[in-house]
Amino acid sequence: MSNAESANIKLELSLLNNGLDFILKGIDELFDNYYILREYLNAADIGTKSYKYGVLNLFSGFLLLLKERLFRYKPELIYKGSLKDIRNKLDSGKVPNTVDLDEALEKLEIGPEFVFSEQDVKLIRYVQDVRNKFEHYKISVNKYELWSNLSKFLELIDKFLVEELHISIEKSPEALEITEKIHKIDSVWERVQKERRRQFDRDIKGKIEEFNKSRDRVMRELEIESYYSKGADFLLTNCPDCNERTTLAYGEFKGICTNPECGSGHGLTECAKCGELTPGYPWEPKFFCSSCLDWISEQ
Ligand SMILES: [Zn+2]
Ligand SMILES: [Zn+2]
């Protein structure tokens, strides 16, 4: 075995093992023993320090897995630059730097012809962006958004381990531990999401009751507001139940239909395509208004 070959074997071991190790460390920094994002229920952002190291570790681990995939295809691909430059450097005894995320994604596409979906790339970029912000300055995070994205990112890692690296969990105790943790985090996350939707629906019911008690005042205010803003067009939006433009689009009773015969209430969120307010949970992306949905289904 040549020196270069044995060096390569060592490198391969350290890529994968370090990758798995970093991911485990990241998960343990970010999640508590109940698989809940740390400090999730605290109002203050005292958890940012463990978020910082958690995200840094998780991202480094992920990058190592990408390098592992490149290495298996052609070891030199883990280095920055063109193959010719890399070989020249290696021949003269130098060790080039290894690829960053952009180059790793590019080389995965050219080499083993692996491409992440557009949605996956968006998610990877989100985690990279959070990592950069944590690395360079303090940020305040929306914990719900962070948890939501991290749990999707972990699923992506899980899939990559199985489908691209063919890591059998029977053979690697670290991979087994990672997979088990990811699945538990995922199911806890599902539960939290459901609870949040239920809470929101309960709040809307309360708001409808309150609106009915203060209907006269609210309608008077709407009239005045509408007079000064020359028309109530942006003050009201379509009600999905009575199909009238009678749902309040602003203020404390936003989402409540003012039509006395209807009286329904919904959360309102911006349509992901046209920006029009449409019924949906405000924190969940990818809601479309009915006309955009019609348009999409016709395509
Ligand atoms: Zn209505
Ligand atoms: Zn729309």
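This is a predicted model: local features need pLDDT of at least 70, side-chain atom pairs count only at pLDDT 80 or more; totals for chains, interfaces and linings use all residues.
Domain 1 covers residues 3-196 of the chain, while domain 2 covers residues 213-298.

**The pair of helices 6 and 7**

Two packed helices are described by the angle between their axes and the distance between the axes. For helix 6, which comprises residues 143-164, and helix 7, which comprises residues 173-213, the axes come within 10 Å and cross at roughly 145°, and this crossing is left-handed. On the side of helix 6, the contact is made by W147, S151, L154, E155, D158 and L161, and these meet A175, T179, I182, I185, D186 and W189 of helix 7.

In soluble globular proteins, nonpolar side chains tend to be buried together. In this model the largest nonpolar core has 41 residues, and I23, V55, F62 and L66 are those with the most contacts inside it. Two or more residues of this core come from each of helix 1 (3-30), helix 2 (48-73), helix 4 (101-110), helix 5 (118-136), helix 6 and helix 7, and the element that gives the most is helix 2, with 10 residues. Another core, of seven residues, lies apart from the largest one, and C239, L248, F253 and C257 are among its members.

| Residue | C-beta neighbours inside 10 Å | Class |
|---|---|---|
| T269 | 19 neighbours | partly exposed |
| Y35 | 18 neighbours | partly exposed |
| H166 | 8 neighbours | exposed |

T269 has its place in strand 3, residues 268-270. Because a residue needs 20 or more such neighbours to be buried, T269 with its 19 counts as partly exposed. If neighbours within four places in sequence are left aside, T269 is in contact with T278, G280, Y281, P282 and F287. T269 and D233 are 36 residues apart in sequence, and their C-alpha atoms are 17 Å apart in space.

The other two residues of the table are found in loops: Y35 in the loop between helix 1 and helix 2, and H166 in the loop between helix 6 and helix 7. Y35 is not a glycine, although its phi is positive, at about 65°, and H166, also a residue other than glycine, has a positive phi near 50°. H166 counts as exposed because it has 8 C-beta neighbours inside 10 Å, and the limit for that class is 12 or fewer.

Notes
Residues are numbered from 1 along each chain as its sequence is written. Chains are lettered from A and ligands numbered from 1 in the order in which they are written. Domain bounds come from an automatic or database domain assignment. Axes are lines fitted to C-alpha atoms, for helices over the stretch in contact, and angles run from 0 to 180 degrees between N-to-C directions. Helices (H or I, at least four residues) and strands (E, at least two) are DSSP runs, numbered from the N terminus. A crossing is left-handed if the near helix is turned anticlockwise from the far one by less than a right angle, and right-handed if clockwise. Two residues are in contact if their C-beta atoms, placed from the backbone, lie within 7 Å. A nonpolar core is a set of buried Ala, Val, Leu, Ile, Met, Phe, Trp, Tyr and Cys residues joined through C-beta atoms within 7 Å.
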